[in-house]
Amino acid sequence: MRRYFFKKIVTYIVTFFVATTIDWAIPHLMPGNPVEIYLGRFNISSNTQYLALQKTISEAFGVNVPLWRQYLDFWNGVLHWNFGVSFYATAPVTHVIAQAVPYTLALLIPAIVLSYVLGNRIGAMAARRKVLDNVVLPIGYLFQAAPFAWLALALSYFLAVRLRWFPPSLGSDPGIGVGWNWAFIWSAIRHWFLPFLSVFLVSFGGWAIGMRNLVIYELETDYARYLRSLGASQRLVRRYAYRNAVLPQLSGLALALGVVVGGNIVTEVVFQYPGLGHLIFLAISDEDFFLLQGIFLFIIIGVLVANFIIDIAYVLIDPRTRLSMTGATA
Amino acid sequence: MSMLEIDKVSKVYKTGTFGGDVMLALRGVSFDIGQGEVVSLIGQSGSGKSTLGKILLRLLEPSGGVVRFDGRDITSWSKHQRRDYYRYVQGVFQDPFSSYNPLYKADRVFEMVRGVYYPSSSRAEWEAKLEDALESVSLNPADVLNKFPHQLSGGQQQRLLIARALLLEVKLLIADEIISMLDASTRVDVLNLLVDLKKKGLGVLFITHDLSLGNYISDRTVILRYGATVEMGETHKVFGNPQHPYTKSLLTAVPQLHKKWESNGALVTTGPLARSGATAQFEADPILAEADADPRRYSRSAIHPRQQARAEASDGPKLSLMDRRDVPWHQRFGVRGPDYAAVIAANPPPVMVECEPGHFVAQSA
Amino acid sequence: MSVKIDNLQIYYTTLRGEVKAVDGVTFSIGDGEIMGLAGESGCGKSTLGNGLIYLEGRMRHAGGHVTLDGKELPIGDAKAMEQHRLRSVSIIPQYAMSALNPTRKIGRMTADLLKSRGVDYKSVLEEFRRRVALVGLPADVLERYPFELSGGMRQRATMVISTLLNPSLLIGDEVTSALDVSTQRAVGEMFMEFRDRGYVKSTIVITHDLSILAQIADTILIMYAGKLAEKADAQTIVNNPLHPYTQQLLASLPEVGLRYDEAPLVGIPGRPPSLLDPPKGCRFRDRCPVAFEQCTAEPPFVELHPGHQVACWKAIQDAQSFNEEPAAQGAGR
């Protein structure tokens with residue numbers, strides 16, 4: 001068991017290292033020089049002033065040193081939770097991210113958890129009720145196959161633009177200040193609903209179909225047939241089938257996490273929802289490299305932590321992996 | 001000179017979640033197969049008989065030892081040379097249906113042979129060849145050509161696969177449990193077909209767990225247990241005058257039509273299930289006594305201490321022969337470490353002694 | 001007679017129509033009797049065995065009755081059947097090695113099963129442990145997951161669970177087929193042991209291997225193409241079979257000590273007829289070496305000698321001529 005976790009942790013550290021290095025390389029891969037772009041924002045006529053500013057800014061950005069030094073400085077920043085300053089907000093990147101993270105988590109966590117739980121439940125129910133199956137299967141396929149952006153646009157068009165049930169964009173009404181008052185909370189919920197729904201629906205379709213197929217498979221396995229032959233109650237057979245079918249779904253969750261996070265970015269852009277996804281969009285259009293680096297790093301860490309939690313949960317839930325780790329298998 | 005020589009072939013598998021444990025599946029197995037000779041390789045599940053079949057078909061690499069075909073070492077052959085080898089050596093396996101792609105007609109297996117080995121043959125030449133092959137397996141072309149696999153019986157499928165082998169200049173057929181999934185009425189036809197082919201000079205390695213089938217068809221018999229040869233020789237000598245206690249115990253378990261199990265004495269097993277009162281004590285069981293007394297054969301020196309403790313806890317002295325087979329392999333012979341050569345050296349095969357001309361038995365300690 | 005089966009028909013639906021897998025069979029099994037049920041694959045033996053306990057979705061009880069311990073067994077009524085399963089009829093399935101839920105400990109799974117059948121697990125736990133030891137499994141097996149056991153151990157665990165409530169009828173479906181000889185013998189002896197100890201009253205052992213039945217069965221029933229061909233005590237079937245199909249089946253079995261050059265075996269040419277639309281008359285007719293005109297009519301399954309039933313016109317004819325001779329002599333005196 002200890003060996004297993006050791007191996008897992010090493011894998012995660014290596015992944016983190018590689019992903020962070022790629023993240024560091026992004027500004028270097030993007031066209032243009034960050035210092036020039038930053039200076040381009042100001043209308044500087046004097047050449048000497050320009051050169052002086054260029055020197056100051058280069059020092060401030062830490063790009064006046066050799067590449068390897070920049071790389072080490074970057075890691076130093078990462079370890080001290082310091083990602084530099086955002087051009088766009090002229091504030092520390094961490095502050096900008098901290099403002100956006102609650103919005104993104106408010107979309108992602110309910111969307112992932114609810115779609116997983118409801119998808120599994122309804123998929124399992126569809127596996128044994130023909131009528132429900134005839135409804136769930138086509139709808140599930142439709143949602144699962146829908147690109148995030150397409151579904152977000154469709155929902156926005158019908159429910160916001162045509163029917164005007166929900167606001168089409170932003171995180172809350174611009175007139176209401178952010179704060180813990182009912183007016184803001186109500187406004188935030190109304191703005192939250194459509195982006196949440198589009199992320200939820202796409203994942204829900206996938207889970208429901210996956211669970212339906214797995215439960216049908218489990219109900220046909222030898223142990224289910226054996227239990228039925230011995231007169232076990234339907235409930236018991238279904239409970240076993242559900243429990244065993246959830247296991248592959250759980251590893252599916254780890255795999256799907258990255259996709260959902262990616263889809264979330266697109267959805268936020270469509271709804272101009274002020275989370276990390278929208279921030280990425282702004283950072284790219286403003287060529288705000290430090291902000292972009294910071295957001296990606298944050299997403300990398302988030303996805304890796306979530307994956308690690310699922311890995312551990314899987315080991316705890318499935319006796320087969322749990323025991324093979326202690327070396328007790330035949 | 002023998003057509004196929006198997007010379008001290010060993011196979012070590014990695015086991016465990018991260019491949020930390022090893023399992024010794026074959027221990028220095030040596031025998032040979034001559035032209036037109038049927039050798040049956042008999043062993044229970046886990047004896048390593050199928051592993052050996054796969055090594056001979058070059059589907060697995062041996063960890064030690066050499067296989068020679070017509071005097072040439074085949075274990076080091078390249079992929080290209082291997083194609084030539086398959087011209088002469090072919091395999092047929094237990095489940096015939098799985099050898100076919102159910103979406104295509106069954107005779108597609110012939111076209112595949114043609115594509116690889118006879119790309120330049122003309123249609124007429126090929127058809128004549130095919131007809132020959134089908135005739136030698138007593139199949140009527142009209143019955144089997146242009147049909148899907150599910151339209152053919154198990155016996156027909158198996159014979160079709162043998163016919164495919166015959167399309168090549170096959171000299172040796174590795175038949176791994178080829179009739180255990182067939183009904184009694186059709187398995188005999190396949191067995192008799194092998195006899196006919198043998199008379200025409202085909203060598204056959206007949207791998208089976210069924211002693212009566214092995215006995216019926218083979219000239220020589222090799223009995224494998226835990227990856228090592230325990231007894232081998234001319235079939236009528238091995239079966240008529242079995243020397244090794246393991247061979248004897250197998251023979252007492254074979255179900256026969258006209259002789260009750262009880263008349264052979266109790267099954268070598270302890271526990272209350274042993275009928276007719278002859279409860280063999282573990283210590284009195286010659287095979288296990290031998291297995292445990294002979295440290296050369298069952299070297300535990302290299303076993304990881306924790307594993308050894310577990311092995312001892314779970315296969316305490318009460319276990320019977322049957323239960324012992326249930327103990328996972330790597331707990332019985334588990335050796336840790338990456339050095340396969342050391343694993344093989346630490347578990348040498350028993351010495352084979354010639355007890356009568358053409359009849360060898362593993363020497364008991 | 002603890003089990004009586006009267007003109008039982010079990011069909012199953014396929015895309016091409018109904019397959020008459022069990023087409024009117026009548027026989028009975030006594031208390032303490034182990035009956036072997038043998039025949040080629042597709043002869044209906046597994047459908048018959050499984051049909052007595054659980055009709056899968058595509059299977060249909062098309063007619064006939066099953067009586068167990070004097071009461072009708074409602075095999076066609078899934079709901080009514082439920083209470084009989086495990087308690088009065090039980091099965092050791094063909095897939096016994098994979099019949100246990102991989103993610104539940106064996107004890108826990110058994111407890112779940114019994115609870116759903118309204119049986120208190122604690123009240124049978126002691127007996128369960130005793131039987132686990134009897135079949136040679138270690139005591140801690142109840143605390144283990146199936147994947148921690150070898151295939152043979154799983155199969156034995158399944159045998160114990162299936163018979164835990166002492167059913168009147170136990171069905172063993174191809175239990176020995178994939179096993180090595182010594183395991184085969186141990187499992188075969190377990191059937192006898194269970195019977196001797198009264199864990200089960202009557203047993204049906206389904207197999208295609210007549211030599212196993214010669215070892216463990218009291219009586220053997222041979223099926224061919226959905227119909228009964230022959231039934232007699234095991235020794236009679238093995239030594240003195242009357243149905244040509246039984247004779248040929250036995251002739252195709254290799255015996256230890258026989259070699260191809262000494263006693264070549266012969267298979268049975270041809271294939272059994274399709275049960276979608278079975279032919280009229282004797283269904284073995286096309287493959288039978290002794291078929292004659294009368295075989296176009298369906299032969300009755302009649303008792304020619306005490307306890308020896310056959311469905312074959314030729315056998316009936318032979319028996320009649322045998323019986324007539326002494327009768328004619330008696331008349332002449």
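Two residues are in contact here if their C-beta atoms, placed from the backbone, lie within 7 Å. With that in place, I will go through chain A, then chain B, then a sheet in chain C. This is a predicted model.

Chain A first. In chain A, among contacts with a separation of 6 or more, 70% are between residues 24 or more positions apart. Its secondary structure amounts to 13 helices and 2 strands. Along the principal axes, the C-alpha atoms of chain A fill a box of roughly 90 × 55 × 35 Å. Chain A has 330 residues, and 33% of them count as buried.

The chain is split into domain 1, residues 2–86, and domain 2, residues 91–321, of chain A. Taken over C-alpha atoms, the centres of these two domains of chain A are 32 Å apart. Domain 1 of chain A puts 20 residues into the contact, and domain 2 of chain A puts in 19. On the domain 1 side, the elements giving two or more residues are helix H1 (2–29), helix H2 (34–40) and strand E1 (85–86) of chain A. H1(A) gives the most to that side, with 10 residues. By class, the domain 1 side in chain A has 13 nonpolar, 5 polar and 2 charged residues.

Now chain B, starting with confidence. The mean pLDDT of chain B is 75, with 76% of its residues at 70 or more. Where is confidence in chain B lowest, and where highest? The lowest is helix H12 (residues 305–314) of chain B, with a mean of 34, and the highest is strand E3 (residues 38–42) of chain B, at 94. Residues 269–337 of chain B have pLDDT below 50, yet this stretch has 117 contacts in the model beyond near neighbours in sequence.

Chain B also has two domains, domain 1 at 4–243 and domain 2 at 246–362. Between them, 29 residues of domain 1 of chain B are in contact with 29 residues of domain 2 of chain B. On the domain 1 side of chain B, E10(B) provides the largest share, 7 residues. That side divides into 11 nonpolar, 12 polar and 6 charged residues.

One residue of chain B as an example: Val89(B), in strand E6 (residues 89–92) of chain B. Why does Val89(B) count as buried? The cut-off is 20 or more other C-beta atoms within 10 Å, and Val89(B) counts as buried because it has 24 C-beta neighbours inside 10 Å. Leaving aside neighbours within four places in sequence, Val89(B) is in contact with Leu57(B), Phe69(B), Leu172(B) and Ile174(B). Of these, Ile174(B) is 85 residues away from Val89(B) in sequence, and the C-alpha to C-alpha distance is 7.4 Å.

Last, chain C. Here 8 strands form an open sheet with mixed pairing, in the order E6-E7-E8-E3-E9-E10-E12-E11. Its edge strands are E6 (89–92) and E11 (302–305) of chain C, each pairing on one side only. Neighbouring strands in the sheet are turned by 25 degrees against each other on average, direction ignored. Helix H5 (residues 151–162) of chain C packs on the sheet, where it touches E6 and strand E7 (169–173) of chain C. The direction of H5 makes about 180 degrees with that of E6(C).

As for one pairing within the sheet, strand E10 (residues 227–233) and strand E12 (residues 308–310) of chain C run in the antiparallel sense over 2 bridges. Glu230(C) has Val310(C), in E12(C), as its bridge partner.

Key:
Residues numbered from 1 in each chain as written. Chains lettered and ligands numbered in written order. Predicted model: local features only at pLDDT ≥ 70, side-chain atom pairs only at ≥ 80, totals over all residues. Pairing = 2+ DSSP bridges. Helix = DSSP H or I, 4+ residues; strand = E, 2+ residues; numbered from the N terminus. Axes fitted to C-alpha atoms, helices over the stretch in contact; angles between N-to-C directions. pLDDT = per-residue confidence, 0-100. Buried ≥ 20, exposed ≤ 12 C-beta atoms within 10 Å, placed from the backbone. Domains from an automatic or database assignment. Nonpolar A, V, L, I, M, F, W, Y, C, P; charged D, E, K, R; others polar.
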